[in-house]
Amino acid sequence: MTAVLAIDAGQTGMKVRVRGASEPDVDLLFPGIRTHEPLLPQLAAVALQVAEQTGAHPDVVAAGVSGLTDRESDAGQLLSLVRSTGAREAMLAHDSITSFLGALGDVSGAVVAAGTGVVALGVGRRSVARVDGWGNIMGDAGSGYWIGREALDAVMRAHDGRGGPTALTDVVRERWPDLESAYIELQAAADRVRLVASFAQPVSELAATDAIAADICRRAAGELATTATAALTRTAEAGDRDRAVCAIGGIFSSTIIRNRFAELLHESVPGVHLESPRGTGLDGTAALPSLAPAHALLARVSVAQG
């Protein structure tokens, strides 16, 4: 059995699994990716720290990364940075791929992963399509950041008299008692993406009693359903039926979002069926080394061997 050090790297946190040839798996958690700093040195630093902590000597270091770009997808550079762990191979994949593998495995369908950001991957018999995952400025519709941003907008509209009152105001005041200086503090915060996304949970919690919070949740569900539909449509072929969709990530822990997402998806794609995830993005990352070379997803994985 190949020894693997797997990293599921998101903005909120980096989950790590050490899978040895005979020892039980060891799972660890580290702070999330700092998007304003180079990616590969951050991944390497985590791998080196884990190897030192656990005494692991992995054959492969594999990482599934939120927002991985072509420029950063250099498995050769990552391998050079982690060589001292004993690794002979490095693998880098966008987290849409690792989320899909963890949730549905080697089947056709779509996986929507919604946390701080959001991305979907559709896999058909002969094609693969990624939808969204374009970051909080250009995309991530329906994500935790998107929900938090809508909540802050609603609070400031209520404060100005441009919108109706909402219980979200009290939630935001707990963080910033002076609402009129909140935007200055927020813009100066190094972790502002995580901070904005942290308001998604109270939005969900207040949705049962607050009309504005409920509206934000319903609109988030609509965005997520649109994303899933696009992923299925772009990979559909004649004769397809009973395609699977898996919705994963913290945003779907909201009952109102999950239920509305399912309703809208069934309206737009008759015959679709929602499945519970088989595993997590970390499971998918750990599975990367076992992928068959001909697998369609592997074309979008950067691999280096030495």
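Modeller: Helices (H or I, at least four residues) and strands (E, at least two) are DSSP runs, numbered from the N terminus. Helix α4 (residues 135–138) contains I137. This is a predicted model, where local features need pLDDT of at least 70, side-chain atom pairs count only at pLDDT 80 or more, and totals for chains, interfaces and linings use all residues. Residues are numbered from 1 along each chain as its sequence is written, and side-chain values use heavy atoms, with hydrogens and water left out.

Biologist: Is I137 buried or exposed?

Modeller: Buried means under 20% relative accessible area, exposed over 50%, and partly exposed in between (1.4 Å probe, protein chains only). With a relative accessible area of 77%, I137 is exposed.

Biologist: How many aromatic pairs does the structure hold?

Modeller: A pair of aromatic rings is described by the distance of the centres and the angle of the planes. Rings of Phe, Tyr and Trp (its six-membered ring) pair if their centres lie within 6.5 Å; planes under 30 degrees apart count as stacked, over 60 as edge-to-face and the rest as tilted. The structure holds two such pairs. One of them, W176 with F199, is tilted, at 5.8 Å centre to centre and 35° between the planes. This pair links distant parts of the chain, 23 residues apart: W176 is in the loop between α6 (168–175) and α7 (179–188), and F199 in the loop between α8 (192–197) and α9 (200–206). W176 and F199 are both buried.

Biologist: Why is the pair of F252 and F261 edge-to-face?

Modeller: The ring centres of F252 and F261 are 5.0 Å apart and their planes are at 65°, so the pair is edge-to-face. F252 counts as buried because its relative accessibility is 5%; F261 is buried too, at 1%.
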